[in-house]
Every structure is written in structure tokens, then in C-alpha cells.
Amino acid sequence: MRVNNEIMLNKFTIERQRGHIREKERDIFIVLSCGVLLAVALGFTLIMFYKKQLLCSVIVRQNKEYAKHEESLNRTIANLQSQTHCHRSNGAAMPAFKVEDIMTRLTGLLTEDSVITDSNLTLNSIAEMLDTNRTYLSKAIKDTTGDSFPSLVRSLRVKRAIRMMEQNEDVSLIEIYEKSGFTSKSSFYSAFKHETGMSPSVYRNMLHKNDRNYKL
């Protein structure tokens with residue numbers, strides 16, 4: 001009888017140990033499964049982050065290349081093929097030489113810091129400075145560059161901001177947008193993202209990261 005009790009007790013102990021083993025195996029399986037899922041999610045996140053960083057780096061590099069090879073508006077106008085037709089505005093003939101004259105003077109004007117950084121700059125004020133009317137000026141800009149006056153000014157101001165970033169790594173974004181002619185941080189961010197495809201802070205980080213890598 002005593003032997004039977006011991007056998008039963010041993011069987012019970014063995015079954016209990018097996019149950020513990022099965023529970024541990026299940027716990028280990030759950031932990032391993034979670035680990036695998038976490039590793040997959042982390043790997044996917046890292047891949048997406050790397051792709052985003054790579055894309056930003058490419059955009060910054062392209063913009064730097066464009067800036068290096070970009071000719072001034074004066075040179076662009078000087079190399080334009082002579083136009084043989086007349087531009088018309090409000091029924092009045094606008095000869096090609098007049099368009100070229102307006103654009104040449106406009107180019108010189110917009111290279112002046114006091115003009116391009118003026119947050120109150122308008123088509124009317126520029127037309128007055130050039131001693132022409134806003135209709136002629138607007139058409140000359142559109143026919144020569146393909147852009148409107150606000151688009152042209154926005155592009156020039158963003159390029160000015162990029163030059164400031166390239167020249168001084170420590171300059172604040174507030175100082176950059178104020179010295180580039182933007183009236184607010186939001187208008188600066190909106191214009192910058194429109195021209196470059198990324199925010200000013202991301203662009204600057206990628207710009208100086210590329211510079212540091214190049215120096216290495």
C-alpha cells in the first residue's frame with residue numbers, strides 16, 4: 001500500500017513538473033514571437049528612416065549643385081535669344097527690347113539687400129522703382145521666367161536663406177527668415193518647403209551633415 005502511494009505521488013510530481021515545463025515552453029514561445037515581431041517592426045522602421053534620410057540628402061545635394069551652377073538673372077537675360085515678336089498688354093504693343101530692359105533693371109534691383117528683404121515689397125512698389133507700370137512688369141516677368149512676381153520673389157528669398165545656411169551653421173532660423181524678407185516663421189516654412197520639398201530645419205541638418213561627411 002505504501003509503495004502504491006509513493007508511485008502515485010511520483011506520478012503526480014512528474015505530471016506537475018511536465019505542466020511547469022509546458023508553461024515555460026509556452027512563455028518562451030510567446031517571448032520569442034514578440035521578439036521576432038519587434039525585430040521585424042524595428043527593421044522596417046529603420047529601413048523607412050534610412051530611405052527618408054537618403055532622399056533628403058539627395059535633395060540637398062541637388063539643390064547645392066543647382067546653386068553652384070545657377071547663373072544670375074542678369075546672365076540668363078543676357079543669354080536669352082533675341083525676341084522678334086512684340087508682347088502685347090492691354091492692347092498696347094510691348095517691344096522685345098522693352099521687356100529685356102525691364103528685366104535687366106529688375107535683376108539689378110532684386111540683388112539689392114534692402115529691396116529683396118523688404119517685407120512690404122509689392123509689384124506696384126517695384127514698378128514704381130523701375131518707372132514702369134505693373135501690367136508691363138508682370139507680363140515681362142511672366143514671359144521671361146514663366147513665374148509670377150510673388151513666385152519670383154519667394155524663390156529669390158529662399159535661395160538667400162539657403163546661402164545663409166551654407167555660410168553660417170549657427171545662425172538661427174528666426175534670423176534667417178527675418179533677413180530673407182519673410183514676414184513670419186509660417187510663411188518662411190511654407191515657401192521653403194514649396195521650393196525645396198523639406199522644412200528649413202531638416203534641410204539645414206542634411207546640408208551640414210553632408211558637409212561634415214565630405215570633409216571626412
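Along the sequence, the order is α-α-β-β-α-α-α-α-α-α-α-α. This is a predicted model, in which local features need pLDDT of at least 70 and side-chain atom pairs count only at pLDDT 80 or more, while totals for chains, interfaces and linings use all residues. Residues are numbered from 1 along each chain as its sequence is written, and side-chain values use heavy atoms, without hydrogens and water.

Of the 216 residues, 29% are buried, where buried means under 20% relative accessible area, exposed over 50%, and partly exposed in between (1.4 Å probe, protein chains only). A contact means heavy atoms within 4.5 Å. Among the contacts with a separation of 6 or more, 63% join residues 24 or more positions apart.

In soluble globular proteins, nonpolar side chains tend to be buried together. A nonpolar core is a set of buried Ala, Val, Leu, Ile, Met, Phe, Trp, Tyr and Cys residues joined through side-chain atoms within 4.5 Å. The largest one here has 20 residues, and Leu-106, Leu-110, Ile-126 and Leu-137 have the most contacts inside it. At least two residues of this core come from each of α3 (96-110), α4 (113-116), α5 (123-129), α6 (134-145) and α7 (149-167). Helix α3 gives the most, with 6 residues. Leaving aside residues up to four places away in sequence, Ile-126 touches Leu-106, Leu-109, Leu-110, Val-115, Leu-121, Leu-137 and Phe-149. A second, separate core has 19 residues, including Ile-59, Val-60, Met-164 and Tyr-203.

Tyr-203 also belongs to an aromatic cluster with Tyr-177, Phe-182, Phe-188, Tyr-189 and Phe-192. Rings of Phe, Tyr and Trp (its six-membered ring) pair if their centres lie within 6.5 Å; planes under 30 degrees apart count as stacked, over 60 as edge-to-face and the rest as tilted. The structure holds 5 such pairs. In one of them, Phe-192 and Tyr-203 are edge-to-face, at 5.4 Å centre to centre with 75° between the planes. Phe-192 lies in helix α9 (residues 185-196) and Tyr-203 in helix α10 (residues 200-215). Both residues are buried.

Ser-180 sits in the loop between α8 (173-179) and α9. Ser-180 counts as buried because its relative accessibility is 0%. Not counting residues up to four places away in sequence, Ser-180 touches Ile-116, Thr-117, Arg-157, Arg-160, Ala-161 and Met-164.

Key
Helices (H or I, at least four residues) and strands (E, at least two) are DSSP runs, numbered from the N terminus.
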